[in-house]
Amino acid sequence: MPNQNPTAGLLLALVTVLFWGALPIAMKQAVEVMSPQTIVWYRFLTAAVGLGAWLHWRGQLPKLSALSVSGGVLLLAASLGLANNFVLFNTALRYLSPAVVGVIIQLAPMILLLSSVWLFKEQLGRHQIIGVGCLVLGLGLFFNERLVELFTSLSDYTLGVIIAVMAAVVWVVYALAQKVMLKHFSSPQILLMIYVICTIMLTPLASPAQIQLMDPRQLGMLAFCCINTLVGYGAFAEAMARWQASQVSAVITLAPLCTIVFVDLASWFWPQYVAATPLNALGYLGAVVVVCGAMFSAIGHKLIRQHN
């Protein structure tokens, strides 16, 4: 591609990792007084206005006349998938720590991988099979202290895990629909249409007046969540345009480890607001194995090829 610039791609991918890694911590603070639907509504509204202004300035607003009936159905499916992903992610944070939700959401790219094999008849490589195996092993280690509770009782913790898994599943619906739509629109154009539709869909469920209940700390966290949608996804899209998709995907998998580091740092500086990550040594090891599995799925084929 003419815009290939590995250094810029790496830096943009790292910006995405930092923003996505910090996002669950900010949302955990905002969800104390604001409903998940309202937080997501504010995020989509801000993203729609910001991305719309940017695309208008570049003269790249999507032409709705190019949208077929089947394209409209896909757009609606993608919007429902992303809206539900955002809401379920926020809801899970009411029951779980940011680090736990961040690790569970790593199921999303793996489910997307397996879904692509099933729907698009894509080949499942040896490196991807190894990656899925590492993910399963890593999750087992990550939840080593809570495995009995997860499978034997419907506690708040178990409910939170179920909601986080559902967030990963519905994200796959969005990703698959977007993958098909990329034949007709650019990624930013698709995101703009999705942001607008999601804002409209969530308007009846949102309570914007809840913002008046927030103290300065919570307002700051909400503002960061809104900016995060624009900067995080924007940096991700630009990284994909300047670097190989597999390399970007590999870097992005570091986000949950950043979340764990950020949570532990924040709990040290602000213990009254942020609790430390509730993990033992095996739990930390499990988080690393989960990330390594996701990373190996993305770039393992290069490592295997070099070894051979």
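Colleague: Which side chain does the side chain of Ser 35 join in a polar contact?

Modeller: That of Thr 38, at 2.7 Å. Keep in mind that this is a predicted model.

Colleague: Noted. And where is Ser 35 found?

Modeller: Ser 35 sits in the loop between helix 1 (6–30) and helix 2 (36–57).

Colleague: Is Ser 35 buried or exposed?

Modeller: Buried. Its relative accessibility is 14%, and the cut-off for buried is under 20%, so Ser 35 counts.

Colleague: What does Ser 35 touch, leaving out residues up to four places away in sequence?

Modeller: Arg 94 and Gln 210.

Colleague: OK, on to helix packing. At what angle do the axes of helix 3 and helix 8 cross?

Modeller: Roughly 155°, and the axes come within 7 Å. Angles over 145 degrees count as roughly antiparallel, so helix 3 is roughly antiparallel to helix 8. For reference, helix 3 covers residues 69–92.

Colleague: Is that crossing of helix 3 and helix 8 left-handed or right-handed?

Modeller: Left-handed.

Colleague: How do the residues of the contact of helix 3 with helix 8 divide into nonpolar, polar and charged?

Modeller: There are 20 nonpolar and six polar residues, with no charged ones.

Colleague: What about helix 8 and helix 9, at what angle do they cross?

Modeller: Helix 8 (residues 156–181) and helix 9 (residues 187–202) have axes that come within 10 Å and cross at roughly 130°. Helix 8 and helix 9 are therefore oblique to each other. The crossing of this pair, helix 8 and helix 9, is right-handed.

Colleague: Which residues make the contact of helix 8 and helix 9?

Modeller: From helix 8, Tyr 174, Gln 178 and Met 181. Helix 9 brings in Ser 187, Ile 190, Leu 191, Met 193 and Ile 194. By type, the contact of helix 8 with helix 9 has six nonpolar residues, two polar and no charged.

Colleague: What is Leu 51 in contact with, leaving aside neighbours within four places in sequence?

Modeller: Pro 188, Leu 191, Leu 192, Tyr 195 and Leu 230.

Methods: Residues numbered from 1 in each chain as written. Predicted model: local features only at pLDDT ≥ 70, side-chain atom pairs only at ≥ 80, totals over all residues. Heavy atoms only, no water. Axes fitted to C-alpha atoms, helices over the stretch in contact; angles between N-to-C directions. Helix = DSSP H or I, 4+ residues; strand = E, 2+ residues; numbered from the N terminus. Parallel < 35°, antiparallel > 145°, perpendicular 65-115°, else oblique. Left-handed = near helix turned anticlockwise from the far one by under 90°. Contact = heavy atoms within 4.5 Å. Nonpolar A, V, L, I, M, F, W, Y, C, P; charged D, E, K, R; others polar. Buried < 20%, exposed > 50% of the residue type's maximum accessible area, 1.4 Å probe, protein only. Polar contact = N/O pair within 3.5 Å; in protein donor to acceptor, adjacent residues only side chain to side chain.
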